[in-house]
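Reader: I would like to learn how to read features off a model. Please take me through them one by one.

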Amino acid sequence: MRITEAGLKSTTRVRLAHWAPFVLLVLAGASRWIVTEAHPEAEPTLSSLAVGCGWATLVSLSLLRRGPAKVTLRGSWVGLLSGALLFAGPAVGALLNARGLDGPALTMSLALTPVAVGIAAAAMGAGGLDGAAGRIWPGLAAVGGLLLLLVEPNLGNVRSNVALVLAPVMTGVGAALFCLRGSATRWRPTTALLGGTLIFSLALTAESLATHTRPTVSLLAVSCDGLLALLSVYALQRVGATRWSAQFTLLPLLIALEGIVLTRPPMTLRGVVGLALLVLAGVYLLLPSSEDAERNSGVVPR
């Protein structure tokens, strides 16, 4: 009996450690708007994203266990490319200088990330087309729920529309590439963060040369962006691309619930249905699947 209880406690601790980065990522992401409301300088910019990913890279490097590590050229390039896509997706508006990008529209666009993950994984041989099809309806359900909760997005700007298409595609492809079987190593989070640092640094340099201005950095924004980047890669490494993509459904859900608690608006049937669709999509994406089991059997060495 004692052995059973000890084993149960050990299993519980392992599960908590396994899910901790993802839970912290969702909670921190859902609280970001509260910080930016009180301190507008905490809004993410190219400079804060570049410096934030930079210090997160150093932290990730320090977290690597000592001992020999097999680092291949292919693995390094895959890690850099996956990180560049992974972090560039949600920030594609800033990268393309799409100043008219509508916030609600970007939120709805990123809700389709699970669809992009499924298609990309199938194309890379990491999953079947049936698995990709199973991810389509949660993304569509999430978009439907957001349409009921948020204001109608503005789609009148061509550059913004391009950004809306690229956001889920880049994010989903980056996540699938990060979890690609056979090339993932314990160095993957560090190389992915380095890829994010490089893409934002290059974009920041190009913007500075074009505008002849020096970038300004907010310490609060750098702290927030670095923390979210660090949690993001370790959450992706532990829970897999599909479950990781559920954050783009859970984040607007939590933000909506926070708004309801703080402002206490009158609830309508439209709002209730919207929240229910987000809950349904988020829960489905978090459910275990055969592909998750295969990934956990040896994709990312610990």
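Reader: Is V165 buried or exposed?

Author: First, the ground rules. This is a predicted model, where local features need pLDDT of at least 70, side-chain atom pairs count only at pLDDT 80 or more, and totals for chains, interfaces and linings use all residues. Residues are numbered from 1 along each chain as its sequence is written, and side-chain values use heavy atoms, with hydrogens and water left out. Now the cut-offs: buried means under 20% relative accessible area, exposed over 50%, and partly exposed in between (1.4 Å probe, protein chains only). V165 has a relative accessible area of 54%, so V165 is exposed.

Reader: Where is V165 found?

Author: V165 is in helix α9, residues 158–178. Helices here are DSSP runs of H or I with at least four residues, numbered from the N terminus.

Reader: What about G195: buried or exposed?

Author: G195 is buried, at a relative accessible area of 3%. G195 belongs to helix α10. From F87, G195 is 108 residues away in sequence and 8.5 Å away in space, C-alpha to C-alpha.

Reader: How many aromatic pairs does the structure hold?

Author: Start with the rule. Rings of Phe, Tyr and Trp (its six-membered ring) pair if their centres lie within 6.5 Å; planes under 30 degrees apart count as stacked, over 60 as edge-to-face and the rest as tilted. The structure holds 3 such pairs. Take W19 and F22: their ring centres are 5.9 Å apart and their planes stand at 80°, so this pair is edge-to-face.

Reader: Where do W19 and F22 lie?

Author: Begin with helix geometry. An α-helix has 3.6 residues a turn, so residues three or four places apart point the same way. W19 and F22 both sit in helix α1 (residues 2–38), 3 residues apart, about one turn of the helix. W19 is partly exposed, with a relative accessible area of 24%. F22 is buried, at 4%. Another edge-to-face pair is W244 with F248, at 5.6 Å centre to centre and 85° between the planes. W244 and F248 are both buried.

Reader: Which ring does the charged end of R188 sit over?

Author: The test has two parts. A charge sits over a ring if NZ of Lys or CZ of Arg is within 6 Å of the ring centre and within 35 degrees of the ring normal. The charged end of R188 sits over the ring of F178, 6.0 Å from its centre.

Reader: How many salt bridges does the structure hold?

Author: A salt bridge needs a side-chain nitrogen of Lys or Arg within 4 Å of a carboxyl oxygen of Asp or Glu. The structure holds 1. R32 and D225 form it, with the closest N and O atoms 3.0 Å apart. This pair links distant parts of the chain: R32 is in helix α1, D225 is in helix α11 (residues 219–239), and 193 residues separate them. Both R32 and D225 are buried.

Reader: Which residues make the nonpolar surface patch?

Author: Patch residues have over 30% relative accessible area and no salt bridge; nonpolar side chains (Val, Leu, Ile, Met, Phe, Trp, Tyr) are joined within 5 Å, like charges within 9 Å. W137, V279, L280, V283, Y284 and L287 make a nonpolar patch of about 520 Å². Areas come from the Shrake-Rupley method with a 1.4 Å probe; for residues, only the protein chains shown count as cover. Helix α14 (residues 269–286) gives the most to this patch, with 4 residues. L287 is in the loop between α14 and α15 (290–296). L287 counts as partly exposed, at 44% relative accessibility.

Reader: What is the phi of R264?

Author: Most residues other than glycine have a negative phi, and most peptide bonds are trans. R264 has a positive phi, near 50°. R264 follows α13, in the loop between α13 (247–263) and α14. R264 is exposed, at 70% relative accessible area. H212 also has a positive phi, near 55°. H212 is in the loop between α10 (188–211) and α11. H212 is exposed, at 73% relative accessibility.

Methods: Helix = DSSP H or I, 4+ residues; strand = E, 2+ residues; numbered from the N terminus.
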